[in-house]
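Reader: I have a chain open here and would like to talk it through with you. Could we start with the backbone and then move on to the packing?

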Amino acid sequence: MTIVAVFNQKGGVGKTTTTLNLAAALARSGRTPFGIDLDPQAHFSAIAGITAASGDDTLLSLFQRNRPLAELIRPAASGIRVIPSHMELSKVDTLFGKGYNVVNRLNASLRLEGLSTPSSPVLIDCCPLIGVLSLNAIFASDCLIVPISADHLSYKSALQVDKALKALEPVLKRRVKRRYLLTRFDNRRRMAKEVQAMLEERFGEEVCRTRIAENVSLAESPAHNKTVFEHAPGSRGAQDYDALLEELAAAGFFG
């Protein structure tokens, strides 16, 4: 499984933080990961230190004129190769509709160009709603990571994601593999433990054993346009994302 999308329909749960730092952990392990920013807010791109001059330097040009993905790649200091986003990417839903060829465009391009390999895995940062962009990520992905901050609204959103994925199965002709990741976890809070218990009861082994703890370094690093490994390599946040990569690799993720 070398193409992994990070998605939840709720904002503020750690999607970009997880995509960025998991990709950085892969780069530290000697691989050359791709990070695809599919959120028009472009937070992943900005933190990685990459700015697209226009929508034409993003996946918008893939939809508009079938521009190869390889032409969009920008190297980041962290070792991640980034396909950046731009606010113009928000036009995709309006301009192109939701036909199969549109929502399968990223998948088709990734496969055609052969960009995803065990040594070059792809991570996709998604916007927090079901639309053309997130559907492209789901259609392309071998597996979905669903970050859930340790609160009840995030848990309810995870249930909505599960429902949406089940509805897509007849079209995809497969079950999308998924892992549920607890973020902003504070073991001292009763609510965090309650959410963990509910997730484990509902999703069983699909819940990651690794939990991303509430951590100052994770909160600070975006302000410096750095991954947590660049900002504070010895922090609890860096340790948690290293542990997450180890867990996912043992489960067959990333080749």
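Reader: Is lysine 173 buried or exposed?
Author: In this predicted model, lysine 173 is exposed, with a relative accessible area of 73%. The residue is found in the loop between H8 and S7, and its phi is near 60 degrees, a positive value in a residue other than glycine.

Reader: And what should I expect for phi in general?
Author: Most residues other than glycine have a negative phi.

Reader: Where is alanine 42 found, and what is its phi?
Author: Alanine 42 is found in the loop between strand S2 (34-38) and helix H2 (43-47), and although it is not a glycine, it has a positive phi of about 60 degrees. Alanine 42 is buried, with a relative accessible area of 15%, because buried here means under 20%.

Reader: Turning to helices, how far apart are the end C-alpha atoms of H9?
Author: They are 20 Å apart, which agrees with the 20 Å that the 14 residues of helix H9 (residues 190-203) should span at 1.5 Å a residue.

Reader: Which residues of H9 are buried?
Author: The buried ones are Ala192, Val195, Gln196, Leu199 and Phe203. Seen down the axis of H9, they fall within an arc of 100 degrees, so they line one face of the helix. The face turned away from that buried side carries the exposed residues Arg190 and Glu201.

Reader: What covers the buried residues of H9, and what follows the helix?
Author: The cover includes strand S6 (143-149), helix H8 (152-172) and strand S7 (177-183). H9 is followed by glycine 204, whose phi is positive, near 55 degrees.

Reader: Now H12, what does it pack against?
Author: The buried residues of H12 pack against helix H1 (15-28), S6, S7, helix H10 (216-220) and helix H11 (228-231). Those buried residues are Gly237, Ala238, Asp240, Tyr241, Leu244, Leu245, Glu247 and Leu248.

Reader: How many residues does H12 have, and how far does it reach?
Author: Helix H12 (residues 236-250) has 15 residues and reaches 21 Å from its first C-alpha to its last, close to the 21 Å expected at 1.5 Å a residue. Just after H12, glycine 252 takes a positive phi of about 100 degrees.

Reader: Changing topic, which residues touch the most other members of the largest nonpolar core?
Author: Those are Leu59 and Ile124, in a core of 50 residues. The largest share of this core, seven residues, comes from helix H7 (residues 132-140). Apart from this core lies another, of 31 residues, among them Leu20, Ile145, Leu245 and Phe253.

Reader: What does leucine 59 touch?
Author: Not counting residues up to four places away in sequence, leucine 59 touches Ile36, Leu38, Leu69, Leu72, Ile83, Pro84, Leu89 and Leu106.

Reader: And the chain as a whole, how many helices and strands?
Author: The secondary structure comes to twelve helices and seven strands. The radius of gyration of the chain is 17 Å, close to the 18 Å that the globule rule gives for 255 residues, so the chain is as compact as a globular protein of that length. Of the 255 residues, 55% count as buried.

Reader: Which share of the contacts joins residues at least 24 apart?
Author: Among contacts between residues at least 6 apart in sequence, 79% join residues at least 24 apart. As for the surface, the accessible area comes to about 10,800 Å², of which 51% belongs to carbon and sulfur atoms.

Key:
Residues are numbered from 1 along each chain as its sequence is written. This is a predicted model: local features need pLDDT of at least 70, side-chain atom pairs count only at pLDDT 80 or more; totals for chains, interfaces and linings use all residues. Side-chain values use heavy atoms; hydrogens and water are left out. Helices (H or I, at least four residues) and strands (E, at least two) are DSSP runs, numbered from the N terminus. The expected span of a helix is 1.5 Å times one less than its number of residues. Buried means under 20% relative accessible area, exposed over 50%, partly exposed in between (1.4 Å probe, protein chains only). The arc is that of the directions from the helix axis to the C-beta atoms. Contact means heavy atoms within 4.5 Å. A nonpolar core is a set of buried Ala, Val, Leu, Ile, Met, Phe, Trp, Tyr and Cys residues joined through side-chain atoms within 4.5 Å. The radius of gyration is taken over C-alpha atoms; the globule rule is 2.2 Å times the number of residues to the power 0.38. Accessible areas come from the Shrake-Rupley method with a 1.4 Å probe; for residues, only the protein chains shown count as cover.
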